Amino acid sequence: MSERSKTAWWPELFPRALIRAFLGQNILIRIGGVLLVALLALALGGPLVISHGPTDMVAMSLQPPSAANLLGTDLLGRDVLARTLDAARTSLIVAFCAMALSLLAGAAWGMIAGYNVGSVDLVLMRVLDVLQAFPPLLLAVALVAVLGTSTANLIFTMSVLFVPQFARIARSATLLLRRRQFVLAAQVLGVSPLRNLLTHVLPNISTPLIIESTSVITAALLTESALSFLGMGIQPPTPTWGGMIAESTSVMTRAPWLVLAPGSATILVVLAFLLLGDGLRDKFDPKVSG
Amino acid sequence: MTEPLLTLRDLTKHFPAGAGKVVQAVDGVNLDVYEGETLGLVGESGCGKSTTAHLIVGLHQASRGKVIFAGEDVAALSGRARQSIRHQMQYIFQDPNDSLDPRMRVRSIIGEGLVARGGMGRAERDALIREMLEKVGLPPDAMERFPHEFSGGQRQRIGIARALVLRPRLVVADEPISALDVSVQSQILNLMGDLRRELGLTYVFVAHNLAAVGYVSDRIAVMYLGRVVEIGETADILNTPRHPYTQALLSAIPDPDIGAAKKARIVLQGDIPSPIDPPSGCRFRTRCPMAQQICSEQVPMLGPHTSQDRRAHQTACHFAGAVS
């Protein structure tokens, strides 16, 4: 990409006000944000720059890193860098979809439970208890085994896994809110319970839910890696970090770059989200920031 | 004005308190509120006055008894009829910092009831909101602002506008001034009085401050531990209280008149008993200076009933005559 075209789109993409707002945030948000944006840029822009596709066999197998293949090649002679970056997109999309689905379902579940204290709440929360009684990975494996391996099923399975976390947060926040006078006021004004939840409760519980979503997305990334490692996630030849590590375990000592590339990519993305989450928590939690 | 606008019959609310016990927050309250009047409901905290206010507008479901509004048993209605009657009863909340959604603009806050009632376009709603803002003494540009941009008194004006924009017949005000600075309390009381005359409202005014209640009310009902112990015209209650509890409450009001003879203060012994296990008979007997045997055996009823006038001064005390 030429220098001229860069200056043309740069100010459009990042308006000065946005940059200034970003620089005003705490250090954790800044580090996490920069890391995340850099990784996203690599994941999205990488395939444009690297000429090899993630499944093209471009060289001899198990070549160490070189100028042609920056991170070497794998057992089948595929470019590890191309595969790692392609996997980043898949992993992030899957993790994000799983997080978004469980956020929607969990928020609704928790709000309904918290608003209807009594038998409804009791039943809804016991269902979550049962769900959480299973070891999460075991539950995921069981669900995938029943549903079959496909990307859609993987997303669904993981979103089921993370519903309880969102639901518990939504419920406890709703419990506090339902006794607030502005929620009572809406009842007196004849606002329906559903409308009351959407207009008053949801906007006022969104902050803890957004913060939680950063930790859920990291959990989803790791779960997806683990499932792919076990062969129950995204199926080859589509590269995923967990799958790449699984393929390489037999030659790990001879070709460590095969494991190091997807491994460190996972760590960096997880770290970025965790830093961002901690930063947001510091920013919005009055007990921490004062 | 022979039929009351609002009637509470044997209204009772018991909250479960675990281990099979119940909190008798409100126990057999009977009240009549007539169109156009202001009924003050006073008592110390925990006496059930706020719960009574919640029961009237349906924020709590009664354990027993009825709320009758304009001749209709509210609990017996359903669907649209109930919704319509709910809109005729509105509520002013105690704490204007808590009663306005911090994430909403004033336009949405005041318009919320209109939207819920439906059948009205945006322009028509805005016109009503603007008119209501003017009535409560706020500038029209307040519509676009958020609650945190206003002072406590202004926020309570927004709360009043929200309740009145629906043109209710009855307004239940739950301690509407106790969260405000003393300097703006009287402004809000005067505003509520002006609006009552202008819009022909009926108020149930809940407060623990007898002086404020005396200032705005036509009649006063005094509550103690979930029951009404005395009710009557404001002047009667303030000048010739018959119930020993009312007498004690009144004697606690500081007298600003320096030259006046010092009145005797009646200091009650002990705390208000637990509503989980209230005293038998008269609930006030454990702190009453004139309690006798009969007080623990018989529940005193509001009386006398000799008069046909339901608005007459009535006291729930076995010795009401002897006291005064």
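Two strands pair if DSSP finds at least two bridges between them, and strands (E, at least two residues) and helices (H or I, at least four) are DSSP runs, numbered from the N terminus. The views below come from a predicted model, in which local features need pLDDT of at least 70, side-chain atom pairs count only at pLDDT 80 or more, and totals for chains, interfaces and linings use all residues. Residues are numbered from 1 along each chain as its sequence is written, while chains are lettered from A and ligands numbered from 1 in the order in which they are written.

**View 1. Strand β3 of chain B and its two parallel partners.** Let's start with B:Thr38, whose bridge partner in β8(B) is B:Tyr203. In total, 5 bridges join β3(B) (residues 38–42) to β8(B) (residues 202–207).

**View 2. An open sheet of 4 strands in chain B.** The strand order is β2-β1-β4-β5, with antiparallel pairing. At the edges are β2 (22–33) and β5 (72–73), each pairing on one side only. Strand β1 (residues 6–16) is joined to β2(B) over 8 bridges, and one of the bridge pairs is B:Leu6 with B:Val33.

**View 3. Helices α3 and α11 of chain A crossing.** The axes (lines fitted to C-alpha atoms over the stretch in contact) make an angle, on a scale from 0 to 180 degrees between N-to-C directions, of roughly 145 degrees and come within 7 Å. Residues from α3(A) (27–49), including A:Leu28, A:Gly32 and A:Leu36, meet residues from α11(A) (257–284), among them A:Leu268, A:Ala272 and A:Asp282; contact means C-beta atoms, placed from the backbone, within 7 Å.

**View 4. The largest nonpolar core, with 151 residues.** Such a core is a set of buried Ala, Val, Leu, Ile, Met, Phe, Trp, Tyr and Cys residues joined through C-beta atoms within 7 Å. Which residues touch the most other members? They are A:Phe162, A:Ala220, B:Val172, B:Val204, B:Phe205, B:Val222 and B:Val228. Helix α4(A) (residues 80–115) supplies the largest share, 17 residues.

Terms used:
Contact = placed C-beta atoms within 7 Å. Buried ≥ 20, exposed ≤ 12 C-beta atoms within 10 Å, placed from the backbone.
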